[in-house]
Amino acid sequence: MKATRRVALAAALMLPFAFSAQAQTQLTVQHALPLDSHTGVGAHTFKTALERLTNGRYSVTTQRNDNEREMVESVQIGTIDCTFTSTGPVGNFVPEVRIFDVPFLFRDATHARGVLDSEIGQQVLNRFNARGLVGVVWIENGFRNLTNSRREVNTPADLRGLKIRTMENQVHIRAFTTLGALPTPMAFSELIPALQQGTVDGQENPISVIVANNINQVQRYFTMTRHVYSPQVMICNPAMVARFNAADRALFQQAAREAQTANRNRVTADEEAGVAELRRRGMTVVTEVDTAAFQTALAPAFAEWERTLDAATLRRIREWRAN
Ligand code: EAX
């Protein structure tokens with residue numbers, strides 16, 4: 001028998017086995033920041049957990065995309081299946097999320113994680129459905145701190161006139177306007193060039209984000225304001241989630257919880273080591289901040305948020321205590 005016919009016969013014999021192998025479902029998950037970051041660790045842990053739990057019936061491709069608004073839009077229209085994103089731009093899609101962006105709302109990470117994992121957090125996740133999204137699980141960006149290239153910032157007065165990049169977030173823009181700064185909203189993907197070109201003087205982000213992106217290379221001063229607790233959230237496309245059977249939906253949720261744990265553990269580690277690391281990298285670091293002065297300066301904005309956000313939920317959040 002000629003060689004070409006032997007190959008053709010062998011291929012034909014293999015064909016039924018190829019299609020008989022369990023069909024594999026491919027998912028695409030995009031995340032902000034590098035893979036070696038608290039966000040990348042979350043997305044990668046979700047990938048490895050879902051592939052493990054389903055014995056490879058699901059395969060997850062992770063991709064970096066630092067334009068978080070774009071990622072949420074892509075999940076909404078279904079060009080990607082899920083995203084791991086900060087809540088920065090998410091309030092423009094699901095207004096109820098803005099309540100978590102209020103400055104000085106959370107006492108510490110235990111308070112924030114406890115509220116987000118309680119029925120308060122679940123109620124906000126449930127609001128994603130009406131906006132063509134599925135809010136799967138809260139993860140974490142961390143407490144946001146201020147950096148700038150111009151001067152040490154110790155009091156709100158030191159902020160006056162500084163052009164500060166903010167996320168595309170109405171609550172944060174209002175806060176920095178009230179503090180006397182000049183907020184300039186933009187996607188994270190535009191931030192480093194804006195700092196390099198001097199388009200903005202400063203920005204604000206958790207230590208995890210600053211360290212992972214070497215923001216110290218384009219910023220000199222760091223002030224540990226911890227002015228906002230910044231959640232992240234895993235968001236997926238509703239049609240994709242609807243295709244899970246009950247058993248796979250449970251495995252999907254378990255993989256998301258494993259991602260949450262890995263992400264939060266990384267933030268905790270970054271926060272413990274971050275200040276010393278930023279000093280080692282040459283930043284001028286201010287850690288003793290007059291928080292009360294910043295809170296007093298924000299009084300007009302707090303009054304507005306009591307009117308425009310859900311005041312009862314704000315009170316529940318402030319009063320929340322671990323059992
Ligand atoms: O999600 O845009 C921001 O400043 C976010 O904190 C960052 O992308 C991490």
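Hi everyone, let me start with the charges. The protein carries 35 positive and 31 negative charges, and their mean positions are 5 Å apart. Before I go on, please keep in mind that this is a predicted model.

Now the overall picture. Along the principal axes, the C-alpha atoms fill a box of roughly 90 × 45 × 35 Å. Of the 323 residues in the protein, 52% are buried. The accessible surface comes to about 14200 Å², and carbon and sulfur atoms account for 52% of that. As for contacts with a separation of 6 or more, 73% are between residues 24 or more positions apart.

Let's look at one pair of helices. Helix α5, residues 119–126, packs with helix α13, residues 311–319, at an angle of about 145°. Their axes are 11 Å apart. Which residues make the contact? On the α5 side you will find E119, I120 and Q123, and on the α13 side T313, R316 and I317. By class, that contact of α5 with α13 has two nonpolar, two polar and two charged residues.

My last stop is A276, which lies in helix α10, residues 246–280. Is A276 buried or exposed? Its relative accessibility is 53%, and exposed means over 50%, so A276 counts as exposed. If you have the structure open, find R307 as well: A276 and R307 are 31 residues apart in sequence, and C-alpha to C-alpha they are 40 Å apart in space.

Notes
Residues numbered from 1 in each chain as written. Predicted model: local features only at pLDDT ≥ 70, side-chain atom pairs only at ≥ 80, totals over all residues. Heavy atoms only, no water. Buried < 20%, exposed > 50% of the residue type's maximum accessible area, 1.4 Å probe, protein only. Contact = heavy atoms within 4.5 Å. Areas by Shrake-Rupley, 256 points an atom, 1.4 Å probe, with all protein chains shown as cover. Lys, Arg positive; Asp, Glu negative; His and termini not counted. Charge placed at Lys NZ, Arg CZ, Asp CG, Glu CD. Axes fitted to C-alpha atoms, helices over the stretch in contact; angles between N-to-C directions. Helix = DSSP H or I, 4+ residues; strand = E, 2+ residues; numbered from the N terminus. Nonpolar A, V, L, I, M, F, W, Y, C, P; charged D, E, K, R; others polar.
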